[in-house]
Amino acid sequence: MTGTAYFNKKETKAIADNGALSGVVSGFLPPGLNIYWGAHAAVITTTALKAKNAKKCIKVKFAAGIFIPGQYSGGHCK
């Protein structure tokens, strides 16, 4: 299964500002899953912060069991 979630500027800001909370959650997950969750949370939060600072939005693609964040503008990015 694959797909891409596109977030607007307000949602991107929320992810950038609150993403560290996801890292905290990883401490409560079982070994293995905690590393998987924490690593993805850190990459997505960092990408959201960069997108927010560039006045862009974040998109997150899910493919082959991994989350691949990126930046975009236009379209849903309002």
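**Exercise 1. Work out how exposed D17 is and which salt bridges D17 makes.**

*Step 1.* Start with accessibility: D17 has a relative accessible area of 39%, so D17 is partly exposed. The cut-offs behind that word are under 20% for buried and over 50% for exposed, with partly exposed in between (1.4 Å probe, protein chains only). Before going on, please note that this is a predicted model, where local features need pLDDT of at least 70 and side-chain atom pairs count only at pLDDT 80 or more, while totals for chains, interfaces and linings use all residues. Residues are numbered from 1 along each chain as its sequence is written, and side-chain values use heavy atoms, with hydrogens and water left out.

*Step 2.* Now look for partners. Side chains of opposite charge can pair when their charged atoms come close. A salt bridge here is a side-chain nitrogen of Lys or Arg within 4 Å of a carboxyl oxygen of Asp or Glu. D17 makes one with K13, with the closest N and O atoms 2.5 Å apart. Both residues sit in helix α1, four residues apart, about one turn of the helix. (Helices are DSSP runs of H or I with at least four residues, strands are runs of E with at least two, and both are numbered from the N terminus.) K13 is partly exposed, at 44% relative accessible area.

*Step 3.* D17 also meets K52 in a salt bridge, at 3.0 Å from N to O. Because D17 lies in helix α1 and K52 in helix α3, the pair ties together parts that are 35 residues apart in sequence. K52 counts as partly exposed at 29% relative accessibility.

**Exercise 2. Describe helix α3 and find what covers its buried residues.**

*Step 1.* Check the length. α3 has 21 residues and spans 30 Å from its first C-alpha to its last, close to the 30 Å expected at 1.5 Å a residue. The expected span is 1.5 Å times one less than the number of residues.

*Step 2.* List the buried positions: G38, H40, A41, I44, T45, T47, A48 and A51. Their cover includes α1 (9–18), α2 (20–26), β2 and β3.

*Step 3.* Zoom in on one of them. T47 counts as buried, at 15% relative accessibility. Leaving aside residues up to four places away in sequence, T47 touches I58, P69, G70 and Q71, where contact means heavy atoms within 4.5 Å.

*Step 4.* Finish at the end of the helix: K55 follows α3 and has a positive phi, near 60 degrees.

**Exercise 3. Name the residues of the largest nonpolar core and the elements that supply them.**

*Step 1.* A nonpolar core is a set of buried Ala, Val, Leu, Ile, Met, Phe, Trp, Tyr and Cys residues joined through side-chain atoms within 4.5 Å. The largest has five residues, namely A16, I44, A48, I58 and V60.
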